[in-house]
Amino acid sequence: MSDISNKTLAILVGIAIVVSLVGILSIGKGGVVYITGKGTSGQGPVSFNATTEVSIKVTGSIDFGNGRVNATANNATLDSYDGTDIGGTWTFSAQSIKVENDGTVNVSVNLSADGNNNANGLIGGTSPLFQMKGFVTESGACVTLQTTYANVPNSTETPLAICDLLQYVNSADEFNVSAKLVIPSDAPAGARNATITFSASQVS
Amino acid sequence: MGDISKKTLAVLVIVAIVLSAVATWKVLSTPTTVIVKPSTAEGKSQVSFGIGVEPAPSVPVEKTGQVRFVVQ
C-alpha cells in the first residue's frame, strides 16, 4: 500500500474540522428532557354472584297443658294469645310461635297441621275448633297478616295463608302466631300433639 | 495542483485540535437543564362492575312448630 499524500491528509483534516464546527454549533444550551409517563386507560371487569335464599326460622311452641271441660259447660275455649281458658280447667300462660324471615328475599307464609290434625282430627267431639292467627311483633313486617282466628287445615287441605308478604329486612321480618282451641265436652280424653308446618315461598 | 506542504498540514491539524478542545470545554461548561414535560393526557382507569343474582329455588322452605294439650 502506497503512502497517503499530504493533500489527502489535508482533506481529511478539513472534513474533521467541519464536522467539529457543526457539532459545536448544534449543541445549543444543552439539556436533558424527561417526559413523564402518559396515563393509559384500561378496563378490568369485576363480577360476583349473589345467591338469594328463601329461609324462615320458627321458634317456640304452644302447650296448653292438662285440663278438662267443666261439668256445667258444653265446651272450653283456650286461647294462647292471652292465656285464657273459658269453660275448662286448663291453666297456661300466653304463648306463641315466632316466625322470622331469615333469608334474603320476601316470602309468603302458609301453615297447616300434620296428618289429619285439623279440628276434627285433633280434638274430636261435637263442633271443635282448632284455629290460629298472627299478631304483629315488628311493625310492617307482614303486608297482610291473618290477624283473626282461622281454621287450621290438615295436611291434605288448602294451607292457611297466614302472611302474604313477610319482609326480610332485620328490623321488620317477623311475626307471632297464637292458637285457639274449642274443646267440646264430648271430646275423647287423651294427649294431643299437632305439628304445624310453616311453608315459605319467595314473592317479589 | 501540487501536494500540500507539511506546514499547511500541521496548521490544519492544530486548528482541528483547537476546535476539539473548544468543543469539549463548551460541553463541559454548559449547565445541564432538566426539562420536565408533563403528559397532557389524563390517566384513566375504568372498572366494570357486574352482579349476577341467582334466582332463589322455587321449592318452598318448611319449618314446624308444636301445639300440645291433654284432655283429661
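Residues are numbered from 1 along each chain as its sequence is written, and chains are lettered from A and ligands numbered from 1 in the order in which they are written.

**Stop 1: the two chains**

Colour by chain. Chain A has two helices and 13 strands; chain B has one helix and three strands, in the order α-β-β-β from the N terminus. Helices (H or I, at least four residues) and strands (E, at least two) are DSSP runs, numbered from the N terminus. A residue is buried if 20 or more other C-beta atoms lie within 10 Å of its own, exposed if 12 or fewer, and partly exposed in between, with C-beta atoms placed from the backbone. Buried residues make up 31% of the 204 residues in chain A and 6% of the 72 residues of chain B.

Now colour by pLDDT, the predictor's confidence in each residue, from 0 to 100. Chain B averages 76, and 62% of its residues score at least 70. Within chain B, the lowest mean is 63, in strand E2 (residues 49–54), and the highest is 94, in strand E3 (residues 61–71). Where pLDDT is low, the predicted coordinates should not be read in detail. The model scores ipTM 0.73 and pTM 0.66.

**Stop 2: strand E3 of chain A**

Select residues 56–59 of chain A. Four bridges join E3(A) to strand E7 (residues 97–101) of chain A, and the two run antiparallel. The bridge partner of Lys57(A) in E7(A) is Glu100(A).

**Stop 3: a sheet with strands from both chains**

Select the open sheet of five strands ordered E4(A)-E3(B)-E13(A)-E8(A)-E11(A), with mixed pairing. Two strands pair if DSSP finds at least two bridges between them. The edge strands, each pairing on one side only, are E4 (62–67) and E11 (160–166) of chain A. Neighbouring strands of this sheet are turned by 20° against each other on average, direction ignored; the axes are lines fitted to C-alpha atoms, for helices over the stretch in contact, and angles run from 0 to 180 degrees between N-to-C directions.

Inside the sheet, seven bridges join E8 (residues 107–113) to E13 (residues 190–202), both of chain A, and these run antiparallel. Ala113(A) has Ile196(A) as its bridge partner in E13(A).

**Stop 4: Val109(A)**

Select Val109(A). Two residues are in contact if their C-beta atoms, placed from the backbone, lie within 7 Å. Leaving aside neighbours within four places in sequence, the contacts of Val109(A) include Ile56(A), Val99(A) and Phe198(A).

**Stop 5**

Go to Val13(A), in helix H1 (residues 6–27) of chain A. Val13(A) is buried because 21 other C-beta atoms lie within 10 Å. Not counting residues up to four places away in sequence, Val13(A) touches Leu9(B), Leu12(B), Val13(B) and Ala16(B).

Finish at Ser127(A), in the loop between helix H2 (119–122) and strand E9 (129–136) of chain A. Ser127(A) counts as exposed because it has 12 C-beta neighbours inside 10 Å. Its phi is near 55°, a positive value in a residue other than glycine. Most residues other than glycine have a negative phi.

Terms used. This is a predicted model: local features need pLDDT of at least 70, side-chain atom pairs count only at pLDDT 80 or more; totals for chains, interfaces and linings use all residues.
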